[in-house]
Structures are given as structure tokens and as C-alpha cells.
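Take a look at the model below. The questions that follow concern a pocket and a ligand.

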Amino acid sequence: MGCDWVEEAKRRAAVEAVKNIKDNFIVGLGSGSTAAYAIEEIGRMIREKGLRILGVPSSYQSLIMAAKFKVPTTTLYEHPLIDLTIDGADQIDRNLNLIKGGGGALTREKVIAASSRCLIIVADERKLTDNLGRGQLLPVEILPFAEPLVTAKIREMGGKPYLRESKKGVPFITDNGNFILDVDFGVIENPLELERRLKMIPGVVETGLFVGMVKAAYIGTRTAVKKISVSGE
Ligand code: 5RP
């Protein structure tokens, strides 16, 4: 219905990004529907090319996908340094700063990203934006206990927080047992400054802002895949 090209664009982006994986790599497995295509493709490479790859899942969803596509998994305890992580995003700006967390996996995704030598993003072109926050809420994972405090502090900062629900009246619970506030900040002029201010609020576990972490993005368009790198290469 009008978006028939989107699933194909996601898959093409994921398949192209997976070509960066080499034998013996430890690979961070992102969350969401686009990252799932990457996990499927990694499974195919293991099966058909015999590559020895271990995945570090960023969520129960990606753990289950890894099991489904027969990608062996490991943990940060065994492999604290990840060679390459492939993950999705909800918004991507020109500098490859991101808003993530649509699926609620932002905290583990950011830990995995920060443990990686290289973070590659896969997405369809609807995710590209000139300004983070335009038409996009920012997910913030919080301790349930701290919800009244964090909500009040975010309102003082000018944000409009909405508690994410899994069904009406029931809070969404993350893999870490926490709540998510989806916050309307309008256009985010300075993502790093906003990240700093949010992280200073007691009870904020993590934010969906990924600033200066991405090496390259593979963007699926209606007909092709476009690679955007920080270095412009
Ligand atoms: C989950 C995420 C996802 O990567 C993001 O929401 C994109 O998902 P999709 O590829 O399904 O659009 O950040 O926390």
C-alpha cells in the first residue's frame, strides 16, 4: 500500500552492509526489522560460505533472530571488543547522528555500538532527515522508580514526554526491566548537548541519541543502495 518498495529497500541495504563482514569477525547484531534482514544474510553467509562469525545480540529480538538464522552468539564478557556492528535507526542526519529506540532496545544497542570498532547503519531512505527530532520522538529509557522525577525534569527542559505503552494503560517494559519515555523536543539543534543534559537526570538510563558513533550508513532507496560515510569515502 504505497510503501511496497520499503521492505525491498531495507533488505538491499542490509545485504550490502553485510558484505563488510570478514571471516572470524565478532559482529554486533542490531535490533528492528532492517537489522533482522542483516542477521538473515549473516546466517546465509555462514551456511553457504562457511564463514566463522560470532554475533553479539543487542536484544532478545536479535537473539531470537540469530537462533532462527543459525548465527552462533557470544557475549561481551567473552568478546568485549566487537569488530563490526550492523544496526537500524529511526532517524539519520547528514553527520550520521541518529535517533534510535523505536523498538525499545536503545540501551543495549548503544553498549554494543560503543564496544565496536565500527558501527554501520542500515535503513531505507525515509529515515534520512536534515534535522533530528523533526517529526520524530526521542526515546529515553528510564528507571520505573524515577518516572515522576524524570518526567518533571524533561518538562522543565521544554520536552513533552509520553510514557510508552504496550497496550492501553500498560507500560512497555524494556529487556532491562525499565520504562521508555518518548519525548517530543521538536528539532534537536545540538544533539550532544541534549544528550549531556538528559544523562544528568537521575533515573535516566540511556537516550536514543547516537552522536558521533557511526562510520557509514547503507540507505536503501526505491531502486538502489546509497552508501554514506563520515569520511565521505
Ligand atoms: C530498536 C531500534 C531500531 O533499530 C530502529 O527502531 C529501526 O527499526 P526498523 O529497522 O524496524 O525501522 O533502534 O531499538
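Q: Which helices each supply at least two residues of the lining of the largest pocket?
A: This is a predicted model, where local features need pLDDT of at least 70, side-chain atom pairs count only at pLDDT 80 or more, and totals for chains, interfaces and linings use all residues. Residues are numbered from 1 along each chain as its sequence is written, and side-chain values use heavy atoms, without hydrogens and water. Helices are DSSP runs (H or I, at least four residues), numbered from the N terminus. The helices that each give at least two lining residues are H2 and H3 (60-68).

Q: Which helix gives the largest share of the lining of the largest pocket?
A: The lining has 6 nonpolar, 12 polar and 9 charged residues. The largest share is 3 residues, and they come from H2.

Q: Which oxygen-contacting distance does the side chain of Ser 33 show to the ligand?
A: A polar contact is a pair of N or O atoms within 3.5 Å. For Asp 90, a side-chain N or O atom is 2.6 Å from a ligand oxygen. For Ser 33, a polar side-chain atom lies from a ligand oxygen at 2.5 Å.

Q: How much of the ligand's accessible area does the protein cover?
A: Accessible areas come from the Shrake-Rupley method with a 1.4 Å probe. On its own, the ligand has 380 Å² of accessible area. The protein covers 89%.

Key: Polar contact = N/O pair within 3.5 Å; in protein donor to acceptor, adjacent residues only side chain to side chain. Nonpolar A, V, L, I, M, F, W, Y, C, P; charged D, E, K, R; others polar.
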